[in-house]
Amino acid sequence: LVAEAENVKYVQEYELHYFRVPKTASTGLTHLLKHHARKCAKMVLHDHNTGCRDLQVCNASALDPAEGRVFGVLRNPRLRALSVLNHMIWVEFPPAMAGAESLFAWLNATIGSCTSLDCRVTRINAAYPRSHRVILYPQAFYLGDNDPLVVCYHAHLLAFRLNSVLRWYFHGPECGELPTTTETRNLSRLDSTLLTWSQVAASDLVTRVCSLYPEDCAYWERYCAIDAEEAIPPTTTTTAPRTPSPRHATAA
(Lines give C-alpha, C1' and ligand atoms only; values in the text may rest on other atoms or scores of the structure.)
Protein backbone atom coordinates (compact mmCIF):
# COMPACT_ATOMS: atom_id res chain seq x y z
CA LEU A 1 0.00 0.00 0.00
CA VAL A 2 0.98 3.62 -0.39
CA ALA A 3 1.81 4.67 3.16
CA GLU A 4 1.44 8.14 4.68
CA ALA A 5 4.76 9.74 5.57
CA GLU A 6 3.56 10.80 9.03
CA ASN A 7 3.43 7.12 9.97
CA VAL A 8 7.13 7.12 10.81
CA LYS A 9 7.33 3.45 11.78
CA TYR A 10 6.79 2.49 8.13
CA VAL A 11 9.36 4.81 6.58
CA GLN A 12 12.28 2.40 6.88
CA GLU A 13 10.28 -0.30 5.07
CA TYR A 14 9.54 1.62 1.88
CA GLU A 15 11.90 2.35 -0.97
CA LEU A 16 10.27 4.91 -3.28
CA HIS A 17 9.12 8.22 -1.79
CA TYR A 18 6.65 10.41 -3.66
CA PHE A 19 6.79 14.05 -2.57
CA ARG A 20 3.63 15.91 -3.53
CA VAL A 21 4.50 19.23 -5.18
CA PRO A 22 1.54 21.68 -5.24
CA LYS A 23 0.28 22.96 -8.60
CA THR A 24 1.66 19.99 -10.54
CA ALA A 25 -1.64 18.12 -10.90
CA SER A 26 -0.89 16.77 -7.44
CA THR A 27 -4.53 16.41 -6.35
CA GLY A 28 -5.37 13.95 -9.12
CA LEU A 29 -2.01 12.26 -8.93
CA THR A 30 -2.18 11.75 -5.17
CA HIS A 31 -5.65 10.23 -5.56
CA LEU A 32 -4.36 7.80 -8.15
CA LEU A 33 -1.32 6.85 -6.09
CA LYS A 34 -3.51 6.17 -3.06
CA HIS A 35 -6.14 4.16 -4.90
CA HIS A 36 -4.35 2.52 -7.83
CA ALA A 37 -0.83 1.76 -6.61
CA ARG A 38 -2.02 -0.75 -4.02
CA LYS A 39 -0.02 -3.65 -5.34
CA CYS A 40 3.23 -1.95 -4.48
CA ALA A 41 4.50 -2.28 -0.94
CA LYS A 42 7.54 -0.11 -1.54
CA MET A 43 6.13 3.40 -1.76
CA VAL A 44 5.53 6.16 0.75
CA LEU A 45 3.48 9.29 0.12
CA HIS A 46 4.64 12.64 1.49
CA ASP A 47 1.60 14.91 1.41
CA HIS A 48 1.34 18.66 2.02
CA ASN A 49 -2.34 18.47 2.99
CA THR A 50 -1.60 19.51 6.59
CA GLY A 51 0.04 22.72 5.41
CA CYS A 52 3.46 21.10 6.00
CA ARG A 53 3.21 21.75 9.73
CA ASP A 54 6.08 19.31 10.01
CA LEU A 55 8.40 20.63 7.33
CA GLN A 56 10.38 17.38 7.23
CA VAL A 57 7.31 15.63 5.82
CA CYS A 58 7.45 17.90 2.76
CA ASN A 59 11.20 18.37 2.37
CA ALA A 60 12.88 15.55 0.47
CA SER A 61 16.30 16.76 1.61
CA ALA A 62 15.35 15.66 5.14
CA LEU A 63 15.04 12.07 3.96
CA ASP A 64 18.05 9.84 4.53
CA PRO A 65 19.08 8.53 1.09
CA ALA A 66 19.49 5.11 2.68
CA GLU A 67 15.71 5.02 3.20
CA GLY A 68 14.96 5.09 -0.51
CA ARG A 69 14.70 7.18 -3.66
CA VAL A 70 12.68 10.38 -4.02
CA PHE A 71 10.42 11.08 -6.97
CA GLY A 72 8.04 13.87 -7.82
CA VAL A 73 6.66 16.10 -10.56
CA LEU A 74 8.39 19.29 -11.66
CA ARG A 75 6.47 21.96 -13.57
CA ASN A 76 7.81 24.80 -15.66
CA PRO A 77 8.26 27.48 -12.94
CA ARG A 78 6.86 30.22 -15.17
CA LEU A 79 3.67 28.32 -15.95
CA ARG A 80 3.32 27.14 -12.39
CA ALA A 81 3.61 30.75 -11.23
CA LEU A 82 0.53 31.62 -13.28
CA SER A 83 -1.38 28.77 -11.64
CA VAL A 84 -0.21 29.91 -8.20
CA LEU A 85 -1.22 33.46 -8.98
CA ASN A 86 -4.71 32.44 -10.07
CA HIS A 87 -5.10 30.31 -6.95
CA MET A 88 -4.05 33.08 -4.59
CA ILE A 89 -6.40 35.56 -6.23
CA TRP A 90 -9.47 33.38 -6.72
CA VAL A 91 -9.28 30.95 -3.79
CA GLU A 92 -7.27 32.61 -1.03
CA PHE A 93 -7.68 36.26 -2.03
CA PRO A 94 -5.59 37.90 0.67
CA PRO A 95 -5.64 41.69 0.18
CA ALA A 96 -1.85 41.83 -0.15
CA MET A 97 -1.98 39.49 -3.17
CA ALA A 98 -4.95 40.86 -5.11
CA GLY A 99 -3.16 40.87 -8.47
CA ALA A 100 0.03 40.01 -10.27
CA GLU A 101 1.88 43.13 -9.22
CA SER A 102 0.85 42.95 -5.56
CA LEU A 103 1.60 39.23 -5.30
CA PHE A 104 5.09 39.61 -6.70
CA ALA A 105 5.70 42.68 -4.57
CA TRP A 106 4.67 40.63 -1.51
CA LEU A 107 6.90 37.71 -2.53
CA ASN A 108 9.82 40.00 -3.21
CA ALA A 109 9.46 41.67 0.19
CA THR A 110 9.11 38.28 1.89
CA ILE A 111 11.72 36.10 0.19
CA GLY A 112 13.55 38.39 -2.24
CA SER A 113 16.64 38.62 -0.07
CA CYS A 114 16.82 34.88 0.67
CA THR A 115 19.67 32.80 -0.67
CA SER A 116 18.44 29.36 0.41
CA LEU A 117 15.33 27.19 0.21
CA ASP A 118 15.04 27.03 3.99
CA CYS A 119 15.03 30.81 4.20
CA ARG A 120 12.25 31.09 1.62
CA VAL A 121 10.05 28.51 3.32
CA THR A 122 10.64 29.89 6.81
CA ARG A 123 9.78 33.43 5.77
CA ILE A 124 6.67 32.36 3.87
CA ASN A 125 5.48 30.47 6.95
CA ALA A 126 6.07 33.48 9.17
CA ALA A 127 4.33 35.89 6.81
CA TYR A 128 1.41 33.70 5.72
CA PRO A 129 0.17 31.18 8.30
CA ARG A 130 -2.75 29.74 6.29
CA SER A 131 -2.34 26.17 5.03
CA HIS A 132 -2.31 27.11 1.34
CA ARG A 133 1.07 28.77 1.94
CA VAL A 134 2.46 25.46 0.65
CA ILE A 135 1.77 26.48 -2.96
CA LEU A 136 4.19 29.39 -2.46
CA TYR A 137 7.06 27.10 -1.48
CA PRO A 138 9.73 26.39 -4.12
CA GLN A 139 9.29 23.10 -5.95
CA ALA A 140 12.93 22.34 -5.19
CA PHE A 141 12.08 22.29 -1.48
CA TYR A 142 9.79 19.31 -2.04
CA LEU A 143 12.07 17.47 -4.46
CA GLY A 144 15.25 17.90 -2.44
CA ASP A 145 18.82 17.61 -3.61
CA ASN A 146 19.50 13.89 -3.20
CA ASP A 147 19.29 12.92 -6.88
CA PRO A 148 15.46 12.80 -7.17
CA LEU A 149 13.65 11.01 -9.97
CA VAL A 150 12.03 14.01 -11.64
CA VAL A 151 8.91 13.59 -13.77
CA CYS A 152 8.44 16.59 -16.06
CA TYR A 153 4.90 17.89 -15.89
CA HIS A 154 2.78 17.41 -18.99
CA ALA A 155 -0.95 18.14 -19.11
CA HIS A 156 -1.79 15.05 -21.16
CA LEU A 157 1.06 12.56 -20.71
CA LEU A 158 1.68 12.69 -16.98
CA ALA A 159 0.30 9.23 -16.21
CA PHE A 160 2.43 7.69 -18.98
CA ARG A 161 5.54 9.41 -17.65
CA LEU A 162 4.87 8.30 -14.10
CA ASN A 163 4.32 4.74 -15.25
CA SER A 164 7.71 4.84 -16.95
CA VAL A 165 9.28 5.74 -13.60
CA LEU A 166 7.41 2.93 -11.82
CA ARG A 167 8.39 0.34 -14.44
CA TRP A 168 12.01 1.43 -14.41
CA TYR A 169 12.36 1.62 -10.65
CA PHE A 170 10.54 -1.59 -9.79
CA HIS A 171 11.73 -3.51 -12.87
CA GLY A 172 8.24 -4.32 -14.08
CA PRO A 173 4.51 -3.59 -13.71
CA GLU A 174 3.94 -5.53 -10.49
CA CYS A 175 3.62 -2.38 -8.39
CA GLY A 176 0.23 -1.41 -9.80
CA GLU A 177 0.80 1.01 -12.64
CA LEU A 178 -1.40 4.06 -12.82
CA PRO A 179 -4.30 3.71 -15.26
CA THR A 180 -3.93 5.51 -18.57
CA THR A 181 -7.52 5.69 -19.73
CA THR A 182 -8.84 8.80 -21.44
CA GLU A 183 -10.10 10.05 -18.09
CA THR A 184 -6.78 9.71 -16.32
CA ARG A 185 -4.31 10.68 -19.03
CA ASN A 186 -5.02 14.29 -18.31
CA LEU A 187 -4.41 14.40 -14.57
CA SER A 188 -4.17 18.15 -14.42
CA ARG A 189 -7.12 20.41 -13.86
CA LEU A 190 -6.11 22.90 -16.49
CA ASP A 191 -6.15 26.42 -15.16
CA SER A 192 -9.13 28.46 -16.25
CA THR A 193 -8.47 31.58 -18.25
CA LEU A 194 -8.43 33.90 -15.29
CA LEU A 195 -5.14 35.66 -15.74
CA THR A 196 -3.32 34.97 -18.98
CA TRP A 197 0.27 35.47 -20.02
CA SER A 198 -0.66 38.54 -22.02
CA GLN A 199 -2.11 40.17 -18.92
CA VAL A 200 1.00 39.69 -16.82
CA ALA A 201 3.66 40.02 -19.52
CA ALA A 202 4.10 43.70 -18.76
CA SER A 203 5.18 42.81 -15.24
CA ASP A 204 8.09 40.73 -16.59
CA LEU A 205 6.83 37.60 -14.88
CA VAL A 206 9.42 35.27 -16.38
CA THR A 207 12.36 37.22 -14.98
CA ARG A 208 10.74 37.66 -11.60
CA VAL A 209 9.92 33.99 -11.15
CA CYS A 210 13.54 32.97 -11.68
CA SER A 211 14.82 35.66 -9.34
CA LEU A 212 12.43 34.56 -6.58
CA TYR A 213 12.71 30.82 -7.23
CA PRO A 214 16.18 30.33 -8.77
CA GLU A 215 16.43 26.70 -7.67
CA ASP A 216 13.20 25.83 -9.50
CA CYS A 217 14.42 27.42 -12.72
CA ALA A 218 17.75 25.62 -12.36
CA TYR A 219 15.94 22.31 -11.82
CA TRP A 220 13.76 22.90 -14.88
CA GLU A 221 16.79 23.64 -17.03
CA ARG A 222 18.57 20.57 -15.68
CA TYR A 223 15.76 18.02 -15.96
CA CYS A 224 13.10 19.31 -18.32
CA ALA A 225 14.30 22.13 -20.56
CA ILE A 226 13.95 20.01 -23.72
CA ASP A 227 10.24 19.47 -23.00
CA ALA A 228 8.65 21.60 -25.70
CA GLU A 229 5.14 20.78 -24.47
CA GLU A 230 5.72 22.97 -21.43
CA ALA A 231 7.09 25.95 -23.34
CA ILE A 232 5.68 29.32 -22.39
CA PRO A 233 2.61 29.99 -24.55
CA PRO A 234 2.46 33.01 -26.86
CA THR A 235 1.22 36.20 -25.27
CA THR A 236 -1.26 37.14 -27.96
CA THR A 237 -4.55 36.39 -26.24
CA THR A 238 -6.81 39.33 -25.59
CA THR A 239 -9.07 37.76 -22.97
CA ALA A 240 -10.07 40.42 -20.48
CA PRO A 241 -9.29 39.82 -16.80
CA ARG A 242 -12.22 38.84 -14.63
CA THR A 243 -13.42 40.80 -11.64
CA PRO A 244 -13.40 38.93 -8.30
CA SER A 245 -16.86 37.95 -7.10
CA PRO A 246 -18.19 39.37 -3.82
CA ARG A 247 -17.52 36.02 -2.18
CA HIS A 248 -13.85 36.22 -3.05
CA ALA A 249 -13.61 39.89 -2.31
CA THR A 250 -14.80 39.39 1.24
CA ALA A 251 -12.75 36.31 1.99
CA ALA A 252 -10.14 36.54 4.68
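**Close-up views of side-chain contacts in a predicted model**

**View A. R69 and D147 meet through their side chains in a salt bridge, with 3.1 Å from N to O.** A salt bridge here is a side-chain nitrogen of Lys or Arg within 4 Å of a carboxyl oxygen of Asp or Glu, and helices (H or I, at least four residues) and strands (E, at least two) are DSSP runs, numbered from the N terminus. D147 is partly exposed at 45% relative accessibility, where buried means under 20% relative accessible area, exposed over 50% and partly exposed in between (1.4 Å probe, protein chains only). The model is predicted, so local features need pLDDT of at least 70 and side-chain atom pairs count only at pLDDT 80 or more, whereas totals for chains, interfaces and linings use all residues. Residues are numbered from 1 along each chain as its sequence is written, and side-chain values use heavy atoms, with hydrogens and water left out.

**View B. D47 and R20 form a salt bridge whose closest N and O atoms are 2.8 Å apart.** D47 lies in the loop between β3 (43-46) and α3 (55-58) and R20 in the loop between β2 (16-19) and α2 (26-36), so the pair ties together parts that are 27 residues apart in sequence. Both D47 and R20 are buried.

**View C. E215 and R120 form a salt bridge, with 2.9 Å between the closest N and O atoms.** Because E215 lies in helix α12 (residues 214-223) and R120 in helix α6 (residues 117-127), the pair ties together parts that are 95 residues apart in sequence. E215 is buried with a relative accessible area of 18%, and R120 is buried with one of 3%.

**View D. Seven aromatic pairs are found in a search of the whole structure, among them that of W106 and Y128.** Rings of Phe, Tyr and Trp (its six-membered ring) pair if their centres lie within 6.5 Å, and planes under 30 degrees apart count as stacked, over 60 as edge-to-face and the rest as tilted. The ring centres of W106 and Y128 are 6.3 Å apart and their planes stand at 80 degrees, so the pair is edge-to-face. W106 sits in helix α5 and Y128 in the loop between α6 and α7, 22 residues apart; W106 is buried at 15% relative accessibility, and Y128 is buried at 6%.
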